[in-house]
Number of protein chains: 2
Amino acid sequence: MAPDITDLPHPDRTDLRLTDVLFALSDPERLAIVRQLADGPLEMAQCHLSDPSTPKSTKSHLMKVLREAGVIRNETLGRGRRLSLRQDDLEARFPGLIGSVLGASVDR
Amino acid sequence: MAPDITDLPHPDRTDLRLTDVLFALSDPERLAIVRQLADGPLEMAQCHLSDPSTPKSTKSHLMKVLREAGVIRNETLGRGRRLSLRQDDLEARFPGLIGSVLGASVDR
DNA sequence: CAATTGGTTCGATATTTTTCGAACCATAAG
DNA sequence: CTTATGGTTCGAAAAATATCGAACCAATTG
């Protein structure tokens, strides 16, 4: 049977590409999502965008870019989704990178 | 008199924006340029792209993106240009970032 | 089972970024 | 002064990304 739509593909730790990760982090909205997840996993419904009226399809697309780059994990939880930062995988593949990004002061 | 075309604008250290820097570094060709400059300044003519037949206008545009993000400095030197990585400024503004990027293994 | 909630996917359109030739500019060399 | 070299800028076209509504799907609730 075909893979259930509810479990989305995640790249393996060893397959993470630096340029893809940097690109995913280079958008302010996506970076803000990552900052929220730095404090721990979050249900997607509790992960808010700067503009709360953003359509859900747009939000879903932002998550897709982050997920496909290997920055976040997106798993089914109940009827929603649980988002988490792949901090260990990122640290293993690109030591120091995610820490410096999270540590950087927020842009004005 | 109008500013000479030969000295290009560079953002001040304090004005560097994380997302712009990450975006500039997120392109494989631009990242390769940055890696070359990690060993020290280089004349632009000696800074080679993966495809040597790339038009000079394209090469110039790659440098523009890096310069406007504050990643590199581009100064007149003789009849050419001297390129350098703004390592100190990057380190001051985003501690650890450029080091982790340069330290990361090259993508396959 | 029906309705609601929370989310993905698809397709079209808008926006951004890239590419590249042509024109142009400044310096150095003849 | 003329030519060659090394580069920027402009404008148009191509390619990549983002946005968003509609359709759809799965789990929970009534």
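Hi everyone, let's start with helix α3 of chain A, residues 56-69, which gives the most to the lining of the largest pocket, with six residues. Please keep in mind that this is a predicted model.

So what is that pocket like? The space in the largest pocket comes to about 200 Å³. Among the residues lining the pocket are A:Leu8, A:Met44, A:Lys56, A:Lys59, A:Asn74 and A:Arg81. By kind, the lining has five charged residues, three nonpolar and two polar.

Now let's turn to the core. As a general point, nonpolar side chains in soluble globular proteins tend to be buried together. Here, the largest nonpolar core holds 56 residues. A:Val71, A:Leu97, B:Leu25, B:Val71 and B:Leu97 have the most contacts inside that core.

Which residues does A:Val71 touch, leaving aside its neighbours within four places in sequence? Its partners include A:Val21, A:Ala24, A:Leu25, A:Val34 and A:Leu66, and also A:Ser84, A:Leu85, A:Arg86 and A:Leu90.

One more residue to look at is A:Pro11, which sits in the segment before α1 (18-25) of chain A. A:Pro11 and A:Ala69 are 58 residues apart along the chain, yet their C-alpha atoms are separated by 7.3 Å. Beyond its neighbours within four places in sequence, A:Pro11 is in contact with A:Ala69 and with others, including A:Leu16, A:Arg67, A:Glu68 and A:Gly70.

Finally, a word on the annotation. An unreviewed UniProt entry marks residues 20-99 of chain A as "domain: HTH arsR-type". In the model, that span is 50% helix and 18% strand, and its end C-alpha atoms lie 17 Å apart.

Methods. Residues are numbered from 1 along each chain as its sequence is written. Chains are lettered from A and ligands numbered from 1 in the order in which they are written. This is a predicted model: local features need pLDDT of at least 70, side-chain atom pairs count only at pLDDT 80 or more; totals for chains, interfaces and linings use all residues. Side-chain values use heavy atoms; hydrogens and water are left out. On a 1 Å grid over the protein atoms alone, a cavity is a set of points where a 1.4 Å probe fits but cannot get out, and a pocket is an open set with protein on both sides within 12 Å along at least five of seven lines; lining residues have an atom within 4 Å of a point. Grid points are joined across faces, edges and corners, and a volume is the space filled by probe spheres set on the points. Helices (H or I, at least four residues) and strands (E, at least two) are DSSP runs, numbered from the N terminus. Ala, Val, Leu, Ile, Met, Phe, Trp, Tyr, Cys and Pro count as nonpolar, Asp, Glu, Lys and Arg as charged, and the others, Gly among them, as polar. A nonpolar core is a set of buried Ala, Val, Leu, Ile, Met, Phe, Trp, Tyr and Cys residues joined through side-chain atoms within 4.5 Å. Buried means under 20% relative accessible area, exposed over 50%, partly exposed in between (1.4 Å probe, protein chains only). Contact means heavy atoms within 4.5 Å. UniProt positions are given in the numbering used here, feature names are shortened, and annotations may be inferred rather than shown by experiment.
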